[in-house]
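Visitor: I am new to this structure and would like to go through it step by step. Could you show it to me, please?

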Amino acid sequence: MTHPPVIATQQLTKQFGDSIAVNQVDLQVQQGEIYGLIGPNGAGKTTLIRMLATAEEPTLGSIAIAGQTLIQNQPNPDIKRRIGFLPDDFPLYDDLLVWDYLEYFARLYYLQEPDLSNRLKEVLALVDLDNKRHSPISTLSRGMKQRLSLARTIIHKPTLLLLDEPVSGLDPVARVQFRQTLKTLQQQGLTIFISSHILSDLEDFCTSIGIMQMGQLVESSELRALYNRDQTQQLIISTVTDLAPVETFLQDHAFVHECKVLPDKHQIAVTFSGTDDDIVALLRSLISHNFPIIDFHRTQESLEDIFIKMGYRQTS
Ligand SMILES: Nc1ncnc2c1ncn2[C@@H]1O[C@H](COP(=O)(O)OP(=O)(O)OP(=O)(O)O)[C@@H](O)[C@H]1O
């Protein structure tokens, strides 16, 4: 049986006075996806997420969550319960202990013992904070606080997680930890919709990417399809000696579009338009010309580069 999309919007629009924050957005997010929404400041990401979270009424258009259409000004507790929403500015109560904070939210969802304690232990383990359960929130690092916010957001076992810029302000290690937790949640069946204005925050773990610009969703695609859209391949080549003769040789090759010498890494990055057979032929030809090749491998062009080629210059 096929499931309806977890998120489906049609012509979704939000206007504040004369200004249109979200403009006729048609969006579909399938079950189990991690959908990353990127766009510069003011593009409309927060407004879109707030409408999906039922925290903001649309001006026009429709939203369906897991096949149920939201009706204007009619709260739908069933849909609300399916959603976990982490806004970008959600306050934590510094004086509370981690456990008490989570317990407070669990009780708002009518959780009672023994389920309550079991669920708290479960989410604390999931966000890797079990050893902090008796600590005051004020003593947590920023990354821990953000994972605690995530724990609060999933306490009622939602099926859709909406996260607005959750990693902004986190250091690289905390970002990795946060992403790891999201991957675990996805493996457990959650659908995740996450925004950021930094592409590199999203590209290595999202299954689909959308780009917002000036209120419009100008791109929305599976990550795999985006990578496949690019017909060229990237090759990395290193030698044990001087790279200059290799560069000269490569520049004359029919399928080589661009050669970039990366002196720090002692590598040449090659943009190549040939087939797999052509790559094999190139390697053979380098070896037959006695270049002392120490490394030759294919790599994936970054999403940032793909977007720049597609004409989106403000992705980060
Ligand atoms: N409550 C509001 N009243 C009036 N205008 C608003 C309101 N909320 C958002 N806007 C406007 O809507 C537009 C989109 O804002 P939004 O916060 O959704 O963008 P964003 O992509 O999330 O930006 P950022 O990355 O800076 O968070 C902006 O021009 C903003 O000023």
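Visitor: How many residues does the largest nonpolar core have, and which have the most contacts inside it?
Guide: In this predicted model, the largest nonpolar core has 61 residues. Those with the most contacts inside it are Leu52, Ala151, Leu161, Leu162, Ile192 and Phe193.

Visitor: Which element gives the most to this core?
Guide: That is strand S2, with five residues.

Visitor: And what does Ile192 touch?
Guide: Leaving aside residues up to four places away in sequence, Ile192 touches Ile34, Tyr35, Leu161, Leu163, Leu182, Leu185 and Gln186. Leu161 is also among the residues with the most contacts inside the core.

Visitor: What does the second, separate core include?
Guide: The second core has eight residues, including Ile237, Leu250, Cys259 and Ile268.

Visitor: Let us turn to the ligand. Which residues are around it?
Guide: The residues around the ligand are Phe16, Ser19, Ala21, Gly39, Asn41, Gly42, Ala43, Gly44, Lys45, Thr46, Thr47 and His197. Two elements give two or more residues to this shell: strand S2, residues 19-29, and helix H1, residues 45-52.

Visitor: Which of them gives the largest share?
Guide: The largest share comes from H1, with three residues.

Visitor: How do the residues of the shell divide into nonpolar, polar and charged?
Guide: Three are nonpolar, eight are polar and one is charged.

Visitor: Staying with H1, which of its residues are buried?
Guide: In H1, the buried residues are Lys45, Thr46, Thr47, Leu48, Ile49, Met51 and Leu52. These are seven of the eight residues of H1, so the helix is largely enclosed by the rest of the structure.

Visitor: What follows H1?
Guide: H1 is followed by Thr54, whose phi is positive, near 60°.

Visitor: New topic: what is the order of the strands in the open sheet of four?
Guide: The order is S12-S13-S11-S14, and the pairing is antiparallel.

Visitor: Why is one side of S12 and of S14 left without a neighbour?
Guide: Strand S12, residues 256-262, and strand S14, residues 293-299, stand at the edges of the sheet and each has a single partner strand, so one side of each has no neighbour there. On average, neighbouring strands of this sheet are turned by 20° against each other, direction ignored.

Visitor: How many bridges join S11 to S14, and how many join S11 to S13?
Guide: Strand S11, residues 233-239, pairs with S14 over six bridges in the antiparallel sense. Five bridges join S11 to S13, and these two strands also run antiparallel.

Visitor: Which residues stand opposite each other there?
Guide: Ile236 stands opposite His297 in S14, and Ser238 has Asp295 in S14 as its bridge partner. On the S13 side, Leu235 has Val270 as its bridge partner.

Visitor: Which strands does helix H8 touch?
Guide: Helix H8, residues 244-251, packs on the sheet and touches S11, S12 and strand S13, residues 267-272. The direction of H8 makes about 165° with that of S12.

Visitor: And where does helix H9 lie?
Guide: Helix H9, residues 276-288, lies across S11, S13 and S14, and runs at about 165° to S14.

Visitor: Finally, how many helices and strands are there in the protein?
Guide: The protein has ten helices and 14 strands. Of its 316 residues, 31% count as buried. Its C-alpha trace spans about 75 × 45 × 40 Å along the principal axes.

Key: Residues are numbered from 1 along each chain as its sequence is written. This is a predicted model: local features need pLDDT of at least 70, side-chain atom pairs count only at pLDDT 80 or more; totals for chains, interfaces and linings use all residues. A residue is near a molecule or strand if its C-beta atom, placed from the backbone, lies within 6 Å of it. Ala, Val, Leu, Ile, Met, Phe, Trp, Tyr, Cys and Pro count as nonpolar, Asp, Glu, Lys and Arg as charged, and the others, Gly among them, as polar. A nonpolar core is a set of buried Ala, Val, Leu, Ile, Met, Phe, Trp, Tyr and Cys residues joined through C-beta atoms within 7 Å. A residue is buried if 20 or more other C-beta atoms lie within 10 Å of its own, exposed if 12 or fewer, and partly exposed in between; C-beta atoms are placed from the backbone. Two residues are in contact if their C-beta atoms, placed from the backbone, lie within 7 Å. Two strands pair if DSSP finds at least two bridges between them. Axes are lines fitted to C-alpha atoms, for helices over the stretch in contact, and angles run from 0 to 180 degrees between N-to-C directions.
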